[in-house]
Each structure stands twice: as structure tokens, then as C-alpha cells.
Amino acid sequence: MNKYKILWIDDQYELLSELMERCEVMNGFEVTKCRFAKEGMKTFEKHLEEWSAVVLDAKVLMESLNEVPNLSGLRYCRDRINELKPRRYVPMFVFTGQPDLISNEMFENMVDKYYSKGDDDDHLIEDIISAADQQEETQIVHRHQVVFDTWPESRHDLLRILKILENEEWQNNSVLNDVRKIMNDVMIRLYERGFCSIQHDGSNLAECSRMLGQRYMEEIIPIYIQRAIHSCVEITNPGSHRSKTDSDVKDNKAPYLVRSLIYNMLDILYWCKNLPAIEMREMVIKAVNGAKQKFEIEQQDRDNRRRNIK
């Protein structure tokens, strides 16, 4: 269960493997490692909404192992993180194994606090957790931990959607496209696990939804999940109705639509946590076909009885 997503930038991160493993196993960290400052900042900005914290080596290299270690990489990362603060504040921690920096005036002016490798490992972990727990994004992940654990590939879109829910931005119609992205992920997984016989190709959400909503599928998928899938797809799918839905949300004519849409999505994602493993796909397909055959036989019996009554 990963509660904290940490970007760790150090050209010698291999030397910290035991510490990073402890962070992952004992403290719920998901550590993304980068060797160079420029590489790290590209990764940082690409997934800005996801990070709980950034850990930087004090003499992190800019972009090559051939460089002479100095403070340029640290300054570059600090400045870029500060530039992005208006979009998202992410706490930064400097973790150094360079004792010569302690009396370095430039270093002291660049950072308010630093941690020494080997001596302050536990202190670093404690402070990362403390700072991360104060972040809105981390709090959202904790409140919906099961959903994030079940759908790690959708983390970025989920965070954006759930921030709209937490902040009650009921006129934010961008949620329609974001929920549609999540439904694409759902359809891909349901096909992979054998629940949907139609492979999602990026443009056939409605067709997949209709298949999953068949009466015989009630034995396989709870009816409230079938209806949630139908609702999410119908509301967010491109088409003539979307322009009207977009404008109604934006103009606050449908103040409960956004929250109901998100809750329907969360019901679907939570239900998916108990899906059988992909290795059991053939068993699921067999169960679906069995449910269909049973429904067709029962339907035929009902039709025969109606004819006999007449």
C-alpha cells in the first residue's frame, strides 16, 4: 500500500538502496529514482500533482556523470520547484553526504535545512511523512487509498477528479473528460479480465457499456455497478448531448451532477478491487457464457408460458 510518492534525485542512488527499500516496505513510500537534476525536473513537472515530496542530493549532477559535483544541480532543482509553486507546492528535502557543505555559505543560503546521510535517515523519513500529510493531494490519497491502490495507472486523473470533489467545484465541467478517461481504463481492464467480450478501442465506450449492462450480466456484475457504468458512459461520452451537459454544469444548472458522477465512478473503481486475476480470464468468460445461456433458456420458458396462457 503506497501512501507517499517520492521523487528521489541522486546520481548515486544505488548506495541508498537499503534506505529506499526500508522507506517502501516500512513507510509506504513509492520511490521514483532519477540520476540527474534535469531528468528529475522533467519527471517532476510531468507528474506534478502526484508527488508527496522531493529528495535531493546536495551535489546532484545536472545531466552527466562526467560533471564535477557542485551546487548547480541543487540550485536548478530548487529554482524550478519554486517556479512551479503557484501550480502545486511540493516539499523539498536536501539529503547530503558532503560534510564540507556544512560551512559553505552558498549552501547555507540555498537551503533552510538539510539532512546528513547515515546520521539523519530516520529524521528525514519522519519529516517527509509529516510534511506530506499536510498536503491536500496526500490527504485525498489516504481517504481513497483502496481506489488508488487498485488503479495506480489512473492516479493522475483520479487526483484531479477527487480535488474537484473535495473542493466542491460543482461547475467544473472538465471532470466530464477526466471521468471518461477513467472509464476507458475500466473497459480495458474488464476486457482483460473476461467480463466484457468487446475490446475497447478508444471509441466504443457505449458499445462496451451496453454489453456489460445486459440482463444476464446481473449474475456477474451487481446491478448498481451496471447502472453506474451506464451513467458514467452516457454522461461523459462525446455526442450531441455533451454540449448541453457541459453548459448545464458550467452554468450551475446541474449542481448535483458532478458529485453524483464522481461517486458513481468511485463505486465502479472500488468494486474492481475484487476482480479475479488476469490468469482467471477463461474462467470468467465461461461464467459469463453460462449466465447468458441460463438467461436465454429462462427467457424461452417465459415466452412459452405466455403463449400457452394465450
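1. Gln214 counts as partly exposed, at 35% relative accessibility, where partly exposed covers the range between buried (under 20% relative accessible area) and exposed (over 50%), computed with a 1.4 Å probe and the protein chains only. Gln214 sits in the loop between α10 and α11, and although 78 residues separate Gln214 from Lys292 in sequence, their C-alpha atoms are 9.0 Å apart in space.

2. On provenance, this is a predicted model, in which local features need pLDDT of at least 70 and side-chain atom pairs count only at pLDDT 80 or more, while totals for chains, interfaces and linings use all residues. Residues are numbered from 1 along each chain as its sequence is written, and side-chain values use heavy atoms, with hydrogens and water left out.

3. The secondary structure comprises 14 helices and five strands, these being DSSP runs numbered from the N terminus (H or I of at least four residues for helices, E of at least two for strands). The protein is more spread out than a compact globule, because its radius of gyration is 25 Å, well over the 19 Å that the globule rule gives for 310 residues; the radius is taken over C-alpha atoms, and the rule is 2.2 Å times the number of residues to the power 0.38. Along the principal axes, the C-alpha atoms fill a box of roughly 100 × 45 × 30 Å.

4. Of the 310 residues, 46% count as buried. Among contacts (heavy atoms within 4.5 Å) with a separation of 6 or more, 68% are between residues 24 or more positions apart.

5. Leaving aside neighbours within four places in sequence, Ile229 is in contact with Met183, Met187, Leu190, Ser209, Leu212 and Ile268.

6. Phe95, in strand β4 (residues 92–96), is buried, with a relative accessible area of 1%. Phe95 and Tyr115 are 20 residues apart in sequence, yet 4.8 Å apart in space, C-alpha to C-alpha.
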